[in-house]
Amino acid sequence: EHPAPEPSLGPEAFVARCIECIAAGGGAADITRLVRLALASQRDHPEAWGHEELLHAADDLLIVDLVLPPFGTSAIHEHGTWAVIGVSQGCEVDELFVERAGMLERSARHELRSGDTLVLAPDCIHFIGNPSARPARGIHVYGRHLGKVERRMWDPSTAVPRPMDFALFERWESALTAASASAGAIVPPAIRGA
């Protein structure tokens with residue numbers, strides 16, 4: 001006899017469970033289990049999730065319901081905290097890098113599809129992209145508030161790192177997304193100095 005599967009988690013219950021988890025000393029592995037349950041809910045009941053991007057923001061926990069537009073592509077960046085990435089529909093590509101002697105080197109590439117999760121270490125450097133002409137949706141959970149963490153982003157033309165600047169990051173993201181949409185595939189940011 002098999003145990004009944006745990007029910008999926010809607011947005012309010014998911015946020016509440018994540019807050020409880022962190023308060024009890026939980027970390028990325030515990031949050032990953034909750035994200036998987038939330039992804040099932042988001043996939044099967046997208047209307048219950050609405051269109052609110054920011055689900056929760058506190059010093060020790062940030063939860064985002066992220067919709068990547070067709071061919072959406074970010075600049076390379078770091079979070080300065082662990083992150084759990086999950087996809088409920090479409091595909092999100094995560095390209096990971098390591099920094100050696102001031103240069104970035106590719107270290108891994110992950111293609112996340114419906115139900116997939118990925119845990120990123122606090123020192124992870126990456127960019128994300130949607131390789132499809134359809135939007136991708138998922139949940140990103142961070143172990144700290146990203147607006148209160150000193151972190152870096154890399155210029156997509158020159159690969160030079162600089163402190164995170166959200167307005168400039170969004171402009172870079174728009175330009176990268178436009179280039180990717182024009183090419184019909186993810187156009188990656190530069191990883192070598194110009």
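How many salt bridges does the structure hold? The structure holds 11 salt bridges, a salt bridge being a side-chain nitrogen of Lys or Arg within 4 Å of a carboxyl oxygen of Asp or Glu. The model is predicted, and local features need pLDDT of at least 70, side-chain atom pairs count only at pLDDT 80 or more, and totals for chains, interfaces and linings use all residues. Residues are numbered from 1 along each chain as its sequence is written, and side-chain values use heavy atoms, with hydrogens and water left out.

The chain contains four helices and 11 strands; helices (H or I, at least four residues) and strands (E, at least two) are DSSP runs, numbered from the N terminus. The radius of gyration of the chain is 17 Å, close to the 16 Å given by the globule rule for 194 residues, so the chain is as compact as a globular protein of that length. The radius is taken over C-alpha atoms, and the rule is 2.2 Å times the number of residues to the power 0.38. Along its principal axes, the C-alpha trace spans about 60 × 35 × 30 Å. Of the 194 residues, 46% count as buried. Here buried means under 20% relative accessible area, exposed means over 50%, and partly exposed lies in between (1.4 Å probe, protein chains only). Contact means heavy atoms within 4.5 Å. Among contacts between residues at least 6 apart in sequence, 75% join residues at least 24 apart.

In soluble globular proteins, nonpolar side chains tend to be buried together. A nonpolar core is defined as a set of buried Ala, Val, Leu, Ile, Met, Phe, Trp, Tyr and Cys residues joined through side-chain atoms within 4.5 Å. The largest such core in the model has 20 residues, of which Phe14, Ile31, Ile63, Ile139 and Val141 touch the most other members. At least two residues of this core come from each of helix 1 (11–23), helix 2 (28–44), strand 2 (61–68) and strand 9 (136–142). Helix 2 supplies the largest share, seven residues. A second, separate core has 16 residues, including Val64, Leu66, Leu68 and Leu112. With residues up to four places away in sequence not counted, isoleucine 63 touches Phe14, Val15, Cys18, Glu53, Leu54, Leu55, His56, Ile139, His140 and Val141.

Glutamate 92 lies in strand 5 (residues 92–100). Glutamate 92 is buried yet has no salt bridge, and the nearest side chain of opposite charge, arginine 137, is 11 Å away. For charge, Lys and Arg count as positive and Asp and Glu as negative, while His and the chain ends are not counted. The side chain of glutamate 92 is joined to that of histidine 140 by a polar contact of 3.0 Å. A polar contact is a pair of N or O atoms within 3.5 Å; within protein, one must be able to donate a hydrogen and the other to accept it, and residues adjacent in sequence count only if both atoms are side-chain atoms. Apart from neighbours within four places in sequence, glutamate 92 is in contact with residues including Leu66, Leu68, His110, Glu111, Leu112 and His140.

Among the salt bridges, one joins the side chains of arginine 33 and aspartate 30 (2.7 Å, N to O). Both residues lie in helix 2, three residues apart, about one turn of the helix. Arginine 33 is partly exposed, with a relative accessible area of 49%, and aspartate 30 is partly exposed at 30%. Another salt bridge joins arginine 43 and aspartate 44 (2.9 Å, N to O). Arginine 43 is partly exposed at 40% relative accessibility, and aspartate 44 is partly exposed at 43%. Arginine 113 and glutamate 111 also meet in a salt bridge (2.9 Å, N to O). Salt bridges that share partners join Glu95, Arg106, Arg109, Glu111 and Arg113 into one network.

Two alanines have positive phi values. Alanine 101, although not a glycine, has a positive phi of about 50°. Alanine 101 is found in the loop between strand 5 and strand 6 (103–112) and is exposed, with a relative accessible area of 84%. Alanine 159 has a positive phi near 65°. Alanine 159 lies in the loop between strand 10 (152–154) and strand 11 (161–163) and counts as buried, at 9% relative accessibility.
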